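Trainee: I would like to learn how to read this entry feature by feature. Where do we start?

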Number of protein chains: 4
Amino acid sequence: MTPDLLSPNQHTILETAVHPRNHLAFLSQAEIDRLIDRNADGLYPLIRSCALAILNSGVNTDDSVGLFAKHQDFDLTFARHPRGLRITLHHAPKQAFVDGVLMETIHDMLFAMLRDLLLIRDLVTVRPDQPGIAATDLVFQVLRNAKVLDAERELNTIVCWGGHAINKVEYDYSVRVGEALGLRRFDICTGCGPGAMKGPMRGAAHGHRRQSWRHGRFIGITEPGIIAAEPPNGVVGDLVIMPDIEKRLEAFVRIAHGLIIFPGGVGTFEEILYLMAILNAPHNHEDPLPVVLTGPVESTDTLHAFHTFLVETLGSKATGRLELIIDDPGAVAGRMVEGREAIRRHRRQAEDAYFFNWTLAIEDHLKIPFTPSHEAMASLNLHRDQPATDLAQNLRALFSGIVSGNVKPAIQAAIQRNGPFIIRGDPTLMHAVDRLLARLVAERRMKMQGGYTPCYRIQTE
Amino acid sequence: MTPDLLSPNQHTILETAVHPRNHLAFLSQAEIDRLIDRNADGLYPLIRSCALAILNSGVNTDDSVGLFAKHQDFDLTFARHPRGLRITLHHAPKQAFVDGVLMETIHDMLFAMLRDLLLIRDLVTVRPDQPGIAATDLVFQVLRNAKVLDAERELNTIVCWGGHAINKVEYDYSVRVGEALGLRRFDICTGCGPGAMKGPMRGAAHGHRRQSWRHGRFIGITEPGIIAAEPPNGVVGDLVIMPDIEKRLEAFVRIAHGLIIFPGGVGTFEEILYLMAILNAPHNHEDPLPVVLTGPVESTDTLHAFHTFLVETLGSKATGRLELIIDDPGAVAGRMVEGREAIRRHRRQAEDAYFFNWTLAIEDHLKIPFTPSHEAMASLNLHRDQPATDLAQNLRALFSGIVSGNVKPAIQAAIQRNGPFIIRGDPTLMHAVDRLLARLVAERRMKMQGGYTPCYRIQTE
Amino acid sequence: MTPDLLSPNQHTILETAVHPRNHLAFLSQAEIDRLIDRNADGLYPLIRSCALAILNSGVNTDDSVGLFAKHQDFDLTFARHPRGLRITLHHAPKQAFVDGVLMETIHDMLFAMLRDLLLIRDLVTVRPDQPGIAATDLVFQVLRNAKVLDAERELNTIVCWGGHAINKVEYDYSVRVGEALGLRRFDICTGCGPGAMKGPMRGAAHGHRRQSWRHGRFIGITEPGIIAAEPPNGVVGDLVIMPDIEKRLEAFVRIAHGLIIFPGGVGTFEEILYLMAILNAPHNHEDPLPVVLTGPVESTDTLHAFHTFLVETLGSKATGRLELIIDDPGAVAGRMVEGREAIRRHRRQAEDAYFFNWTLAIEDHLKIPFTPSHEAMASLNLHRDQPATDLAQNLRALFSGIVSGNVKPAIQAAIQRNGPFIIRGDPTLMHAVDRLLARLVAERRMKMQGGYTPCYRIQTE
Amino acid sequence: MTPDLLSPNQHTILETAVHPRNHLAFLSQAEIDRLIDRNADGLYPLIRSCALAILNSGVNTDDSVGLFAKHQDFDLTFARHPRGLRITLHHAPKQAFVDGVLMETIHDMLFAMLRDLLLIRDLVTVRPDQPGIAATDLVFQVLRNAKVLDAERELNTIVCWGGHAINKVEYDYSVRVGEALGLRRFDICTGCGPGAMKGPMRGAAHGHRRQSWRHGRFIGITEPGIIAAEPPNGVVGDLVIMPDIEKRLEAFVRIAHGLIIFPGGVGTFEEILYLMAILNAPHNHEDPLPVVLTGPVESTDTLHAFHTFLVETLGSKATGRLELIIDDPGAVAGRMVEGREAIRRHRRQAEDAYFFNWTLAIEDHLKIPFTPSHEAMASLNLHRDQPATDLAQNLRALFSGIVSGNVKPAIQAAIQRNGPFIIRGDPTLMHAVDRLLARLVAERRMKMQGGYTPCYRIQTE
C-alpha cells in the first residue's frame with residue numbers, strides 16, 4: 001500500500017496501489033496475464049463498476065447513476081509484482097482512505113469482488129433454461145470459495161431481509177433485534193446495503209462486543225446489478241457476489257439457520273413470496289427453518305397487512321410457517337435459538353450438511369428469472385385452484401412484473417405503447433393485491449416520482 | 001457459570017454462580033479465606049455497591065440512589081471451588097444476563113473490580129498529607145496489575161474528557177471524533193460513564209471494525225464513589241478502579257498520549273483546571289502532550305466561552321497548550337497522530353517509559369483532595385500576582401467548592417447556617433467566574449432542581 | 001473421530017471413522033458422490049496405497065512390498081455426513097493411533113493426500129511430450145492449493161536433498177545443520193522420507209523451539225510412486241503429492257530460497273545433475289539461488305569425490321555455483337542468510353514472485369521422464385563438445401538409466417536378454433562415471449543384493 | 001536487542017543489551033532504582049550466577065566451578081529505558097546467541113529468573129523454624145507469579161524425577177516415556193537439568209508435534225544453589241526459581257497430577273523418601289496421585305533393588321503407592337491418564353484446586369532443611385518401632401547427611417577431625433542402607449573421585 005498523491009479533484013485520490021493479501025494473493029503467471037489484458041473476456045466494465053461501489057462502502061446512497069456520474073475518471077489497472085498482483089487505483093473516492101491508505105475492510109472487499117467475478121467466469125456455465133442442480137452447485141462453490149461456509153460455527157447464520165429505505169423507528173428496532181442476536185453469538189447475513197440490511201449487523205456487532213465475542217461474521221451477499229445501487233454498508237465483513245438475483249436468493253435460503261423479515265417494499269415482498277413457494281413445496285414440509293416477520297409496535301398495521309395478504313391469498317395453512325412477532329427482540333432471538341436445535345436434529349437425520357441446506361428442493365421456476373411482457377403477465381395463473389406453492393410462484397412473478405413496470409425504462413415504454421398490463425385472475429386475489437400495493441404506495445415504500453400511476457389493470461372474470 | 005433460577009422479582013435473577021477466568025483465577029487459601037469472611041476488612045459494602053453498578057452496566061442512569069433502592073435484596077457471597085473461587089450472586093439485575101448467563105464483559109468487569117479493590121487494600125498506604133511519589137507509584141501499580149499498560153502498542157492511548165449529560169448533537173459529534181481515532185487504530189480511555197465518556201468509544205469501535213483491527217482497547221477509569229452514579233457504559237472493555245478521584249485524574253494524565261476535551265459542566269471544568277495547573281508547572285514545559293478542546297459547530301459559543309475564561313484568568317500564554325478545533329474530527333485525530341511522534345521523541349530523550357509519563361511533575365496540592373469550608377474558601381488566593389500554575393490550582397479548588405456547595409448535603413447545611421461562601425479576589429477574575437457559571441446554568445450543564453441559587457458571594461476588593 | 005473397535009489382528013484397528021477439518025471440509029454433493037463411487041475414475045487404488053503409507057508415517061522403512069503385504073486387509077470407504085465427508089478406515093495400522101484416536105499430523109496428511117490426488121485429477125492434462133509452461137502452472141497450482149506458498153514468510157524455504165540411507169554420523173550432522181537453520185527461523189522442505197530428508201527437519205524443529213518460533217513449516221514433497229517406499233517421517237507438517245517425479249523436482253527448485261545437498265546415492269546424484277543442467281542454462285545465469293554441498297568431516301572424501309566428478313565432467317566454471325562446505329553448520333546457515341538477500345534483490349528487479357521462482361527456465365527435456373532402453377542409452381550424447389547444460393542433462397539420463405537397470409524388473413529382464421547397456425562417449429567422461437559408481441558401490445550407497453554387477457558397458461571411442 | 005560487538009575473547013559477546021517483554025516489562029521507577037543499585041540488597045551476586053547458568057542453557061555440564069572460572073569477566077548492568085528496563089550483558093557466553101541476538105528461550109529465562117528472585121525478596125519472610133502454611137503459600141505465590149498454574153489445562157502436569165547422569169539406554173527410555181506422554185498432550189515438569197530431567201521433555205516435545213499440539217509446557221523448577229551446576233536444558237520453556245531445595249520439592253508434589261521416577265543416585269533416593277514420608281502420613285491416605293517407578297529392561301536390577309530397599313525398610317504396605325513398571329512407556333502414560341481421573345474426582349469432592357494440591361499435608365520436618373552434624377546423625381531414630389512416615393523422614397535425613405559428607409567441604413573437614421558419622425539403628429535397616437549405597441557406588445551413580453570411602457560407620461545395637 002503506497003501513500004497517495006493528491007488529486008486535483010479533492011474528493012478523489014490521484015493514484016494508489018494495493019496488493020492482495022488473502023484472496024488472489026497467489027496467482028499464476030497465466031492468471032495474471034489474463035487480468036492485465038483488459039479486453040480478454042469483457043470482465044473489465046463489471047469489475048470497474050463493482051470496485052467503484054465498494055470504494056463507496058459506508059456511504060448511504062441508492063443512486064447508482066449519480067455515483068457513476070461523479071466518478072467518471074475512476075479507473076483501475078493490473079500489474080505483476082514480486083508479491084503477486086498489484087492493482088493501481090486512479091481517482092478513487094477519498095472516503096475509502098484514511099491518511100492515504102485504503103481502509104482494511106474496503107481493501108478486503110475489493111479483492112473479494114475480484115475473487116468472485118473471476119471464479120464465476122471460470123466455472124462451467126449453468127444452462128439458463130434448465131438450471132437444476134448445477135445452479136445449486138455453483139451457489140455452493142461461490143460460497144465455499146469465499147470461505148463463508150464454516151463447519152465449526154455451523155447453525156449460526158441468521159439471514160435478515162427487509163427494505164433498504166425503512167424509517168428511523170424501524171431501523172432502530174432492527175438494531176435491537178441484531179443486538180439480541182449478537183448477544184447469543186449469531187452471525188448476520190443480509191443483502192449488504194443500508195436499512196434493514198445494515199441495522200441487524202450494527203446491533204449484532206455491539207452484542208458481540210458485549211460478549212467479548214471476536215468471531216462474529218457479517219456476510220453480505222449481492223450481485224453485480226444491485227451492488228452499485230446498494231454499496232456495502234460499513235459493517236459487512238464478508239462480501240460475496242453471486243452471478244444473478246436468483247442465485248443470490250438461493251444462497252440466502254441455503255445457508256440460513258433462521259430467517260427474519262423486517263418491513264420493506266415490493267422487493268421484500270417478492271422475497272417473501274419466493275420463500276413461501278419453497279416452504280410450501282411438498283418435498284420441503286419437514287424442513288424446520290424458523291421464519292419470523294417482525295417490526296416495532298409502530299409498524300403493527302403494516303405487519304398485519306403483510307400477514308393478512310398472505311393468508312388471504314395462500315391460505316392460513318400455507319402461511320403457518322411464517323411467525324409474526326411484534327416489538328420483542330428477545331422473543332425473536334429466542335425463536336432462532338429454538339429453531340437451531342430443530343435444524344440440527346433434522347440435518348443429522350437427513351445426513352445433510354450443517355452449513356448448506358442441500359435437502360431443500362428449489363424448483364427450476366424459481367431459479368429462472370421472470371421476464372415481464374404483456375403476454376407473460378396476461379397468462380399468469382392467478383386462480384385459487386392450484387397448490388399454494390404454485391400460486392406463490394405466480395404471485396411472485398406478478399410482483400416482479402409490477403416492479404419492472406414501475407422502474408425499468410424498456411418496460412415503461414412498452415406500457416406507454418400498449419397500455420397497462422392486463423392481469424386476469426380470481427377477483428378476491430386481485431383485490432388483495434390492489435389493497436397491498438395501495439398501502440405500500442401510501443407508506444412510500446415504493447420507489448416513485450410524484451403520484452403513482454399503476455402500470456397494470458385488473459380484469460376480473 | 002450455572003443457569004439461573006427464576007426470581008419472584010421478575011427483574012432479577014434469584015441466584016447464579018460465577019467463576020473468575022483471568023483476574024483472581026488463582027487465589028491462595030489465605031486469600032480466599034479473607035474474601036469469604038465478609039467482616040474481615042470492611043471491604044464488603046464497597047464490593048457490593050461496585051458490583052451492583054457493574055451489573056447495571058449499559059443502563060443509562062446517573063441516579064445512584066434509585067439504583068440502590070431498586071436492588072436492596074441484591075447480595076453476593078464467596079466460596080472455595082476446585083477451579084479457585086466461586087461467587088454466588090443473589091437477586092442480580094436481569095439485564096446483565098443473556099439466557100440466564102452473565103454477559104462476558106460484565107463478568108470480566110466484576111472480577112476486574114475485585115482485583116482492584118483487593119490490590120488497593122493490600123498495597124502499603126500512601127500518607128494522605130504527603131502523597132508524593134508513593135501516590136504515583138500506587139497509580140502505576142493499579143494500572144499495571146490491570147494489564148492496561150502495554151509496551152507493544154504504546155503511544156496509542158487517547159484520553160477523552162467531557163460531560164456525562166451532553167446533548168444529542170454533541171454526543172453524535174463525539175462519536176464521529178471516536179470513529180476518526182478508531183480508523184487510526186487509537187485506543188480510547190475515558191471516565192467510564194455515558195455521554196462524552198461513551199461516544200468516543202462507540203465511534204472508535206466502529207472505526208476499528210472498518211480497519212479489521214481486533215486489538216482496540218476501551219479503558220474506563222473510575223473510583224468507588226463515582227461508579228455507582230455512572231455505571232460502565234456498554235463499550236468499556238478494561239475497567240480500572242482507582243482508590244480516589246485524585247488518583248483517577250493522575251492516571252488519566254500519566255497514560256495519555258493525547259487528550260481530547262468535549263463540552264461539559266463544572267466537573268469537566270475542574271478537570272481542565274487540574275490539567276492547566278500541571279502543564280503550566282515549569283518542570284513540565286517541555287512535555288509535548290497534545291491537548292484539544294473540541295465540539296460540533298452548534299457548540300461554538302460554549303467552546304469559545306470556555307476558552308475565553310481560561311485566557312482571561314490564566315493568560316494567553318498559559319493556555320497556549322490548549323488547542324481549539326471546531327467541528328473537524330479528522331483534524332482532531334490528525335493532531336493526535338502528530339503529537340504522538342513528538343511524545344515518542346521526548347520520551348526517548350528523557351529515557352521515560354512510553355506507557356506511563358513518569359517525567360510529568362504533579363505537585364502534592366493536586367494529589368490531595370480539597371475540603372471546602374467557609375474558611376478554606378475565604379482564604380483561597382484568587383489574585384493575578386501568582387504563577388499561572390498556582391492560580392489554576394486555586395481556581396480548581398474554587399470550582400470544587402462550588403460543586404460541593406451545590407450538591408453535598410453537609411456543605412449545603414453549613415451554608416444554610418452561615419450564609420453563602422464569601423470569596424475574595426481580583427474583580428476581573430471574579431467576574432469571569434461569574435459569567436462562566438451563569439452560562440453553565442443557562443445551558444443546563446449544572447445539576448440542579450428548579451432555579452439556581454448561587455452558594456457563594458463574591459466580595460471584590 | 002470415533003473410538004476404535006479392537007481388531008482381532010492386534011496390530012491394526014478394526015474400524016474407525018475420520019472427518020476432514022481443513023482440506024475437503026466442504027465438498028459439494030457431486031464431489032462426494034464421485035468419491036463414494038470407487039470405480040468412477042480409477043483413483044481408488046492410488047488413494048489406498050498412499051493412505052497406507054501415511055498411516056505408517058514415522059515408521060522407518062523403505063520396503064514398500066513388505067508394507068503392503070503386511071496390510072492386505074486395509075481398506076477405506078467414503079460416506080456423506082452432516083459435517084461433510086466421513087472416511088471409515090478398516091484394519092488401519094495401530095501405530096497411527098493414540099488411545100484409539102488418529103494422530104493429528106497423520107489425520108492431516110490423510111486429507112492432504114486426498115486433496116492433492118483429487119486436484120490433480122481435475123486439472124487439465126499437461127501434454128506429456130510438450131509439457132512447457134502448463135507443467136509449471138500445474139506445479140504452482142498444486143502448491144497453492146496445499147497452502148504451501150506464503151507471501152508473508154517468503155524467502156524462508158530451504159530445500160534439503162540427500163540420501164534416505166545415510167550413516168549415523170551423516171544423519172547427526174544433518175540434524176546439526178537443521179538446528180542452525182531453525183535457529184534462524186528457516187523452514188525446511190525435503191522429499192519427506194528418512195535420512196537426509198528427516199535430519200534437517202528434526203534439527204530445525206529443535207532450533208525453532210529454542211527461538212520460541214511457532215510458525216515453522218516442514219514441507220514434504222513426494223509423488224505416488226515414491227511415498228509407499230518412503231512414508232512421511234514424523235516431523236513433516238505439510239505433505240504435498242505431485243503427479244510425477246519431474247514435477248516434484250521442479251517444485252523443489254521453484255520454491256527454494258536455498259538448497260543444501262547432503263551425501264547420498266545415485267538418486268541424489270541425479271538430482272544434482274538435474275540442478276546443474278538448470279543452473280548452466282544461459283537464461284538462468286543471473287539467478288542467485290545459493291547451493292551448498294555439505295557433510296561432516298568424516299565424509300570429506302565422498303564430498304570431494306562428488307565435487308571432483310562434476311568438475312571433471314562439466315568443468316570448473318559450470319560447477320562454480322555449487323559451494324562445498326565441510327563440517328560447519330553455522331557457515332551453511334550463514335550462506336543461506338546471505339543468499340536470501342541476493343534473491344530478494346533479484347526477484348524485485350525481475351518483478352518475480354518471492355514465493356515461486358517463475359523466472360527460472362526449465363527446458364522440456366528436464367520436464368519429460370527419461371525412458372531407458374538399449375537404443376536410448378546407446379544414443380546418449382556423452383561428449384565434451386556441447387554446452388554444460390546439455391551435458392548435464394545427458395549425464396542425468398545416463399544415471400537414470402543405470403538406476404533403472406539396477407532395480408527395475410522390466411529393464412533387468414531386457415539386459416538379461418540383450419546384454420548390458422552399451423554406452424559410448426568421451427573416455428575421460430566414461431572413466432569419471434566409472435570411478436564415481438565404484439565409490440558409491442564401495443560405500444554401500446547403492447541399493448543392491450550381494451555384489452554389484454554393472455548393468456552397463458562403456459565403449460570408448 | 002542490539003547487535004553484538006565482537007569480544008577479544010572469541011567465546012563471548014563483548015556487550016549486548018536486552019529488554020524485558022513479558023516479565024518485568026513494566027517496572028515502577030522505585031523498582032528500577034532498586035535494581036540499578038547493585039548493593040541495595042545483596043541480590044546482585046545471586047542474579048549474576050543464575051544469569052551465567054542460564055546463558056549456558058543447553059550446554060551439558062554439571063561442573064559449576066568450571067563454568068564460573070571460564071567466565072570471570074561476565075557481568076550485567078541495569079538501566080532505565082523508554083520501554084522499561086534495559087539490561088546490558090558484558091562478555092556473555094557466545095553460545096547463547098544466534099547472529100549476535102540472544103535466543104528467545106534464553107532471553108525469557110533470564111527475565112523469569114529476575115522475576116522470581118525479586119518476588120522472593122519482596123515476599124514476607126517465612127519463619128525458618130516454623131514454616132507451616134506460610135511456606136506453602138510462598139510456593140504457591142512463586143508459581144502463580146510465574147504463570148505456571150493453569151486452570152484451563154489443569155490435571156495435565158506430569159513431574160519426572162531421576163538422575164542427571166543416567167546412561168544412554170536409560171536416557172533413550174526416558175525420551176520414549178516422554179513421547180508417550182506428549183502424544184497424550186501431557187505437560188512435563190522436571191528439575192530443569194540434563195539426563196532424566198531432559199529426556200522426558202525432548203520426547204514430549206516430539207509427541208506434541210505429532211499431535212499438532214502447540215500448547216505444551218515444559219516447566220523446569222530449580223533453586224539458586226542448583227541451577228549453576230545444572231543449567232536449564234534446551235527444552236525448558238518455563239523456568240521457575242524457588243528460594244530453597246525444600247520449597248522446590250514441595251512445588252513438585254503440589255503441582256503434580258502424576259509423578260514418574262526414573263533411575264538416579266542418592267539425590268533421587270532422597271526425593272523418593274521425601275515422597276514416601278508424605279504419602280504415608282495418615283492425612284494423605286486418600287490422595288490419589290499416581291506414582292510410577294520405571295526404566296528400561298536393562299535397568300531391571302537397579303529398579304528392583306530400589307524397590308526392595310523400600311519394602312525392607314518401610315514395609316510393603318507403605319510402598320504400595322509406588323508402582324513399578326519396567327520397559328513399557330505406553331503403560332506408564334496410560335497409568336497417568338487413569339490417575340488423572342481419580343484426582344479430578346478427589347479434588348472436586350475435597351473442593352481443592354485442580355492446579356495446586358492444597359489438601360496434601362506436608363509436615364514442618366519436611367519443610368526444614370536437615371543440617372548434618374555428628375550429633376544430628378547420631379541421634380537419628382532409625383528403628384522400626386515408629387510409623388512409616390516418620391521412618392521415611394529419618395531415612396531421608398540419613399541420606400541427606402551422607403550426601404553432604406561425600407561432597408560438602410565443611411562436613412568433610414569435620415569428618416576428618418572427628419572420624420566418620422556414627423549411625424545407630426536397627427541392624428536390618430542398617431544393612432539395607434549399606435547394600436543400597438554399595439550398588440549406587442558400583443553403578444557409578446554417586447559423585448566421587450577414585451574409590452569411595454564411606455563417611456559413616458554403622459553401629460548396630
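Trainee: Which residue follows α12(B), and what is its phi?

Mentor: Most residues other than glycine have a negative phi, and most peptide bonds are trans. Here E351(B) comes after α12(B) with a positive phi, near 50°. Helices (H or I, at least four residues) and strands (E, at least two) are DSSP runs, numbered from the N terminus. This is a predicted model: local features need pLDDT of at least 70 and side-chain atom pairs count only at pLDDT 80 or more, while totals for chains, interfaces and linings use all residues. Residues are numbered from 1 along each chain as its sequence is written, chains are lettered from A and ligands numbered from 1 in the order in which they are written, and side-chain values use heavy atoms, with hydrogens and water left out.

Trainee: How far apart are the end C-alpha atoms of helix α12 of chain B, and what span should its residues give?

Mentor: The expected span of a helix is 1.5 Å times one less than its number of residues. Helix α12 of chain B has 22 residues (329-350) and should span 32 Å; its end C-alpha atoms are 31 Å apart, which agrees.

Trainee: Which residues of α12(B) are buried?

Mentor: Buried means under 20% relative accessible area, exposed over 50%, and partly exposed in between (1.4 Å probe, protein chains only). The buried residues in α12(B) are P329(B), V332(B), A333(B), R335(B), M336(B), G339(B), R340(B), I343(B), H346(B) and R347(B). These residues cover an arc of only 155° around the axis, so they sit on the same side of α12(B). The arc is that of the directions from the helix axis to the C-beta atoms. On the face turned away from the buried side are the exposed residues E338(B), R345(B) and Q349(B).

Trainee: What covers the buried residues of α12(B)?

Mentor: Contact means heavy atoms within 4.5 Å. The cover includes, from chain B, α6 (168-183) and the strands β7 (157-161), β11 (258-261), β12 (291-295) and β13 (322-326).

Trainee: Where in chain B do H91(B) and D99(B) lie?

Mentor: H91(B) lies in strand β4 (residues 84-93) of chain B, and its phi is near 55° although the residue is not glycine. At 16% relative accessibility, H91(B) counts as buried. D99(B) has a phi of about 50°, also positive in a residue that is not a glycine. It is found in the loop between β5 (97-98) and β6 (101-102) of chain B, and D99(B) is exposed, with a relative accessible area of 51%.

Trainee: Is helix α9 of chain A largely enclosed or open?

Mentor: Ten of the eleven residues of helix α9 (residues 245-255) of chain A are buried, so it is largely enclosed by the rest of the structure. Among them are E246(A), K247(A), R248(A) and F252(A). A polar contact is a pair of N or O atoms within 3.5 Å; within protein, one must be able to donate a hydrogen and the other to accept it, and residues adjacent in sequence count only if both atoms are side-chain atoms. At the start of α9(A), a side-chain oxygen of D244(A) comes within 3.2 Å of the backbone nitrogen of E246(A).

Trainee: What does the side chain of T190(D) reach?

Mentor: T190(D) belongs to strand β8 (residues 187-190) of chain D, and at 0% relative accessibility it counts as buried. Its side chain reaches the backbone oxygen of M197(D) at 2.9 Å. Apart from neighbours within four places in sequence, residues in contact with T190(D) include C160(D), M201(D), I219(D) and F252(D).
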